[in-house]
Amino acid sequence: MRATKSWIAEYAALPDDLSGRDLGEALVRAGLEVESVETIGGDVSGPVVIGRVLGFVEEPQKNGKVIRWCHVDAGAQHAPQDAPAPLERGGITAPLQGEDGPYWPRGIVCGASNFNPEDRVVVALPGSELPGGFAIASRKTYGHMSDGMICAEDELGLGSDHQGIIVLPSTDAEGVAWTIGAGALDAMGVVDDVLEMPITSDMGYCLSVRGLAREAAQSLDVAFTDVVSLPTPAAHADGYPVRLETPASGLFVALTVEGFDPSAATPDWMRQRLTAAGMRSLSLSIDVSNYVMLETGQPNHCYDADALRGPLVVRTAAAGEHLVTLDDVDRTLDLADVVIADDRGPIGLAGIMGGQDTELRDTTTRIVIEAAHFDPVTVARSSRRHKLSSEASRRFERWVDPGAAYSAARRVADLLIELGGGALVAETVAGAVPTMPTQRIEVGLPERVLGMPIPATTVVEVLRRSGVEVTDEGAALTLVPPTWRFDLVDAYDYVEEVGIKVGFDHLPSVVPPAPVGGGLTREQMARRALLRALAAAGFVEVLTFPWASEADLDALGLDASDERRATVRLVNPLADTAPLLRTSLLPGLFGAAQRNASRGVDDIALMEIGRVFFTSGDAASPEPGVSERPSDAVLDEIAATLPQQPRHLGAVVAGAWRPAGWQGPAEPAGWQQVFGLAELAARTVGVSLERRPATRAPWHPGRCAALVVDGQVVGYAGELHPAVIKAFSLPARTAALELDVDALIAGVGGPGSLPLVSGHPVAKEDIALVVDEAVTAAQVESAITAGAGELLESATLFDIYRGVPVPAGKKSMAFALRFRAQDRTLTAEEVALAREAAITAAGQVGATLRAE
Amino acid sequence: MSGPNDNYDPKQVAALSAEALEAMVADAEAAFAAATTTADLKAARLAHVGEKSPIALANREIGALPPAARKDAGQRMGRARGQLNAALAARQADVESAELEAALASESVDVTLPVALAPEGAIHPITGLMDLMSDVFVAMGWEVAEGPEVEAEWLNFDALNIGRDHPARGESDTIFVAPAGVHRVLRTHTSPVQIRSLLERPLPVYVVCPGTVYRADEFDATHVPVFHQIEGLVVDKGITMAHLKGTLDHLAQAMFGDVRTRFRPNYFPFTEPSAEMDLECFVCHGASVGNPDAPCRTCRSEGWIEWGGCGVVNPRVLTAAGIDPEEYTGFAFGMGIERTLMFRNNAADMRDMVEGDVRFSRALKGEAR
């Protein structure tokens, strides 16, 4: 909603020195949001004054244009030093008589031709500056010394009209004659503040100057005059016949005006207010209709009475009906749409837009004015269904005061007659103003909910000022809201009204004492620890969008049966190219990796913890009512229909893990780092992880490990498949990891137990074992560990050797063994026995002790 | 037959002269002082107090003196030798210390050389800030609640008193899960977690709900369709809007120091009364208002920064969760993490928060600070 301060001031007795910004603050205190306050007509500096055209001569130019050489009286105080050249060649320039003696008129060249001698015009004198930095100076043009400029509307920033110069009406808006030489913009009342306010859905009554003035007056504690001053008469049908056939409209006012002059022009003051409110001036009748809508909040419609056929009927649309609306769109109507119809069928979409057949023409002299009330939900649904939002529908969706319909229709009629002639000949009122819902509240409720002392007298006084009908019963109040306050229904709605009008600034600040809490859960702490450990280890966390596409899944190399194809699809994705939700974090991470690479970051180590989504099918989630807690069965059904949404950890590394430096060459990033990341993740949360060779897209088949916790695969890591690296344009040898964090953390159990640390010396033995290439380090270590028994403290792989004398197809793996006992120093015999047992056990994986 | 063994054979000796002993001591001390290396000092020691040194020979001769002279000479010899041993030890310590210093000096390194740390990792500023804000509440005894991001419409809208005709439930605001009509959406706020908390937790409830939310929004410098919120919910007996004010003042002070909050009336379906919460500018504290000489970039010289929405929980919401609004009242609030990061840490472009450029994530050392 845009409205000027001067318009609001017409109905709220604003103090003279109140600035537009002050007014904005008063409205903010009342619960409105003020997006901007801008001054219009203020972009002009220097002398721009009211002038009187004394006379002119028309002079055709070689370029075909006709200019006027004018003499203008701009007031004695602005008179030039010297006489301008006379109008007629060889004539004389007569001085003007001022109070302090004679003075010269100004000579001005003007290109417009829409004015006559004695017209009052706006003159920009030399030294003034118009919007856009347009400086006015005396200059020689078309053979004359032009000593100023007669202005058009657009030149003053007042509108877009450049049809001709501004010709002022005979008097100002208050009927007082113009003072020649006075500042034109102040005299015309065009310097004003425009407030722009988005209106929330509970404050539909503020989509009007009336509502804003009421709130401003209440906030500033000044007098308010209601433009809606006429009560709604009882139903009668003296005028145009109307039938209401749907409960979506309970009130319909139709006034008939005859003898209207369709050629009458809109006065400047009305055009300026409409322009400031963001509306275009079109014709007097349309302008009046819009003006009254802005002023009262009541949308209204003017029909050409001669184009109507039979009674106006408000009804739901019938199957197959069409309507060409004023925006020139042929709309197929829905059975739930409410229309205004006459004998030919629908002529308007109720509360949204009229139809073309009955719109006003430039010959219309008989007008039927409609002002009705329509149900907000019906209008909102039709508006959404037809993707058609109008000034009218925006208001009806938020409730229009039914008590304003009659008065607003009368205001339309009065303005049409005042400005365009004619007479109000008949009126029809169908239906009645609905009764508003009664509510009873304890008088102490506002104080109890707000937490600040509010005496009962204040509650009553505040509500009455807001228009609420209050029956004071001592401990309780019976309340009926005014017809414009659709939002006052529940007891708490009145609490809010009292809170706002008393002022939230008065709320005390009290921290509520919470009961003892449990702190972060084990899972929350584990996730935090995980992120921080991985960050400390060198990974940068990124947060990517969860959108995905079939193309991504194909590029990952997933086959048709892969569980990551069980995606959730979106009805209205932001991009048609990514209509799915991700089942893997990797494509998003690859995108981030590629973006970093393209920006010159060659060494990449990125991670993300985020949810992935696996569909649970297409069954609808239940939509129970809200009047009570849904049953557990319904809540279970909601849970069952939601997708599975586990949190995954994803990571990608490429380039160098350590770049080349003064210490030596670069250490490349690859599968080792993501395996290390997996180990670190497991160690951080406190589970033991096993890596098993695996084949899984999108990884390299020989360089992929399944990550296993407690026998359950929680994720995969390794170098990416070259085809995937190519498909995602990643650096060669890029490696990645993805694991299910929820599953990883689920393996964390119990408080853990601490060892008794042995103080006895360690005994060290190295063994080199020859095994087949296919045997893994983990298999050998596991066999050694099992064989060596409890004296073994650790077995660490420290060397792998291939080549003579080790046979081809085999490798030698050297382990450093450490033995220690809890209660004694081991003897050489004990150590030798344990070593032999380890070697023997390694035989189970085909290992033989390497010959010395 | 061999000649006399001068070293061992007893022979006529002179009494130990004081001058001679002093000269020996002086020579030895001079030699020790002159030694600057361990090797020099070793040579001086052998020469002046070694077995064949003049003082050792003189000592040997003492035994051949008559008893009276022997006692006197022995005492003087003992003092002299004690003096020399002390001088030697002192010099030994000096020389070793000098030698160590020289050795250490020769081993000095350029301490400014780059060293091989792990690559520079970082948690994302959004994550850091979300944790930081959560911790303010955990310290107050609240708990952190979480919930799914694909959510049932009933939890995201209906239970929050957002009726089926509310414009927010249109495709221009909300992202819906296919097929159309399955009543599932990408949650548009973390408020469904509040409903879940009311449904699942015993009363009273004091929870904060941080998380990712989704809107069908443009993606540009000031809008992002995937963003983060933190919401708080308290439902208890006797809770008032003054408790809401106290809680948000505390959060503001924990995050920004000595600042206040301001409530401006607003409308949300799930709270009644509802308010926008403004934060007093923590940079200029309002000093920039109407003062063009000292403009404030943080609050754009308005003195206040819009931070979030809040209000008293609408009794309709409590009813939908099966809580008696006659017995319990509550308050709720929520704010955007990205927005907080923008004014708190000067983040200028929303796109930087989601593009994954490591330079953005790495910039806030020490997490969100």
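In this predicted model, the centres of domain 2 of chain A and domain 3 of chain A, taken over C-alpha atoms, are 43 Å apart. These two belong to a division of chain A into the domains tabulated here.

| Domain of chain A | Residues |
|---|---|
| domain 1 | 2-41 + 192-220 |
| domain 2 | 48-188 |
| domain 3 | 236-431 |
| domain 4 | 444-506 |
| domain 5 | 522-746 |
| domain 6 | 763-849 |

Attention now turns to the nonpolar cores. The largest nonpolar core holds 254 residues, and the members that touch the most others are Ile8(A), Ala216(A), Ile369(A), Leu606(A) and Ala651(A). Helix α9 of chain A, residues 405-420, supplies the largest share of this core, with 8 residues. A second core of 34 residues is separate and includes Trp69(A), Leu130(A), Leu156(A) and Ile180(A). Once neighbours within four places in sequence are set aside, Ala216(A) contacts Ile8(A), Ala12(A), Leu14(A), Leu23(A), Ala26(A) and Leu27(A).

Chain B contains 12 helices and 9 strands. Its radius of gyration is 44 Å, whereas the globule rule gives 21 Å for 369 residues; chain B is therefore more spread out than a compact globule. The C-alpha trace of chain B spans about 135 × 50 × 45 Å along its principal axes. Among the 369 residues of chain B, 43% count as buried. Of the contacts in chain B with a separation of 6 or more, 67% involve residues 24 or more positions apart.

Key: Residues are numbered from 1 along each chain as its sequence is written. Chains are lettered from A and ligands numbered from 1 in the order in which they are written. This is a predicted model: local features need pLDDT of at least 70, side-chain atom pairs count only at pLDDT 80 or more; totals for chains, interfaces and linings use all residues. A nonpolar core is a set of buried Ala, Val, Leu, Ile, Met, Phe, Trp, Tyr and Cys residues joined through C-beta atoms within 7 Å. A residue is buried if 20 or more other C-beta atoms lie within 10 Å of its own, exposed if 12 or fewer, and partly exposed in between; C-beta atoms are placed from the backbone. Helices (H or I, at least four residues) and strands (E, at least two) are DSSP runs, numbered from the N terminus. Two residues are in contact if their C-beta atoms, placed from the backbone, lie within 7 Å. The radius of gyration is taken over C-alpha atoms; the globule rule is 2.2 Å times the number of residues to the power 0.38. Domain bounds come from an automatic or database domain assignment.
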